[in-house]
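I opened the model to look up a few places and write down what I found. The entries follow in the order I made them.

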Amino acid sequence: MGLLSSSKESDRSKSSLASVGTATLNGAQISLTLLKEAMDGTNIPFVKGVAGVAVEVIKIIKAIQTNSEECEELMKRTTSLLVVILGSLKGKREDAIPVHLKNGVERLTTSFQEVLAELRIIKKRVGKWSVGGLARAILYHADNGEKLKGCSAKLDWAMGEFQVTSKVDSCLKDFERYEELRKGQMEIREGQMKIREGQMDIREGQVKLEEHMKTGLIEIQDVIKEQTKHAQADNLPSTVMPTEPKIFGRWEYIEKAVKLLLAGATARLVILGPGGMGKTSVALKIVYDARVKQRYGPYRCWIPCEQATSIPLFIELLAKSLNLPTSSSTDRFNELIIFLENSQNVYLLLLDNFETPWDIEGQQSDVADILTRLASIPTVSLLITMRGGQYPSSHTIEWSNPRLPSLTQLDLDSAEEAFLKISPDAIGDPELRTLLQKLDCMPLAITLMAKLSEAGETIQDLLSQWSTERTRLLDQPGGDRRNSIEVSIKLSVESRAVRGNPDAIRLLSVLSMLPAGAALDRLPDMCPSIPSWKTALRVLRRAALVYDSADKLRVQMLSPIQSYIMLHYPLAQGPLDELRSAFYQLAPQEKNIVGHPEFNETWTELAKEEVNMEAVLIDALRDANGNREEAIGASL
């Protein structure tokens, strides 16, 4: 009975030690990865030498799987010491490193080698546990702990010695820089005197120039306004209905819209969604439906609002689509309303890209009045496409119910069908679906990428280019929203609502750093410098730049939008440090220890943020201005 009890105790002890070892193993594996990244950043042989010994130390710690607390402390000292070495020698050529610093690194290498020898002895002992049973395990565990603490103390001494050596080198350089700065200041003072003399001459010339410019500026502006007014009216875009588009995967949505258009005498529908989702194509497909053609006949009118950059132009586009004769009337809109109200036919007006007139600076209320007046005419049905996530004039217009949902990305099968329609040579390519998933199945991105494939690019090449060029790969010089993903996204980012809220752009930059989206309950910790983040988030939702997850617990961003924001609106250093800090503190160190009451809950929460944690830590490690030691500590 006693032997059986002793055996069970031994099993439990080994199981507990193995669990602790597993936690240490995870930290060691991350440390090895980060040390490798750090070693790759230097070409100095003797630095690579000490780093190589340090890597061997961590590998043995990883293999020991006992004395977790002492192992973890030794691992931290090993990585911290290597970070101090790399930081002291960062950016230096080998021939520019002083002899005393080289000697310091050699002494550190000796210390690491001594620690390595001790660890190899411990490793051999651990291998004998299975033979000696519990008694030997307990005896070695205590002795190993003391040896590991001795190793940590040795590295502490080595770090202190090297830091003193490093500070001496720093002081010498500071003195040299002081002498250079003092000489530079003298030269600057002489230059400043000459600049002041020149500035006086420039101011006198500016005053004279401004007087001349003011005289003729008002007259020039008046002439330009008059000429622009006539030129715009004469150069209105065609309102001839475009040809019927090819559609993939939107049939249920189209069927729902067609039924709403046929349900009553008239209907009022809005198709919302981000730029690049194919809103125009879906709307045209609805208008070309046989049942809609039978109902409205030749009275289906397409109004390309993209060119309606002023209210007069918007009204002229409406009049042109209705084939009204040109007029010099000062109340053109009233003429248009009278025509529609007296019509014996029901018109279907497709207001395409309606966000352009809706976002005219300072005139939204006037555009809303025009839209409300059109919606009130009993012989008019409205079909509107508009980027964003909010219906226009909801308080004055009774939109048809049920409302159409915002257009989202295509399903993977439909995305593949759309791609192969343009580039059939990609049929059977095993990487095609991976590429489509990288694009988040956004229709415009799929179309532009398929055209590159059609031109001869392989799917593998396109995947590689997307990883480095991102949305620039799908940009075309001089392109518009229909053939440039960058132009399409830019229109949403620079919309009136987003421009009117600076916090919205800052929050967008924060969210672009999180490929798995942001948990709403963690957002305050991720962006403490944006106290009004809830208001900013509402703006981004309305602009359809972000969307909520199915469970409403996270806010996410389409991959092309995320890539565009990272390229053009990178997160500033202050907010970036706040975001990193939030992830560094996500799991308090003591709760990561096996046996802690909150261990399971902590690791469950960490698992939800695994993708984001990896992205934030790798970005911090590669950031020349960041704190690598803090990132390594968070990984451990």
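Entry one, a single residue. I looked up Asp 352 and found that this residue is buried, with a relative accessible area of 2%. Buried means under 20% relative accessible area and exposed means over 50%, with partly exposed in between (1.4 Å probe, protein chains only). Asp 352 lies in strand E3. I then listed what Asp 352 touches, not counting residues up to four places away in sequence: Thr 280, Trp 302, Ile 303, Pro 304, Cys 305, Glu 306 and Thr 385. Contact here means heavy atoms within 4.5 Å.

A note on the source. This is a predicted model, in which local features need pLDDT of at least 70 and side-chain atom pairs count only at pLDDT 80 or more, while totals for chains, interfaces and linings use all residues. Residues are numbered from 1 along each chain as its sequence is written, and side-chain values use heavy atoms, with hydrogens and water left out.

Helices (H or I, at least four residues) and strands (E, at least two) are DSSP runs, numbered from the N terminus. H6 covers residues 251–263, and its 13 residues reach 18 Å from first C-alpha to last, close to the 18 Å expected at 1.5 Å a residue. The expected span is 1.5 Å times one less than the number of residues. I found Tyr 253, Ile 254, Ala 257, Val 258, Leu 260 and Leu 261 buried in H6. Seen down the axis of H6, these buried residues fall within an arc of 160°, so they line one face of the helix. The arc is taken from the directions from the helix axis to the C-beta atoms. The face turned away from the buried side of H6 carries the exposed Glu 252, Lys 259 and Ala 263. Strand E3 (347–352) is included in what covers the buried residues of H6, as are strand E1 (268–273), helix H7 (279–287) and helix H8 (290–296).

Entry three, a sheet. I traced an open sheet of three strands in the order E5-E7-E6, with antiparallel pairing. Strand E5 (518–519) and strand E6 (547–548) stand at the edges with a single partner strand each, so one side of each has no neighbour in the sheet. Two strands pair if DSSP finds at least two bridges between them. Two bridges join E5 to strand E7 (residues 554–556). Ala 518 stands opposite Val 555 in E7.
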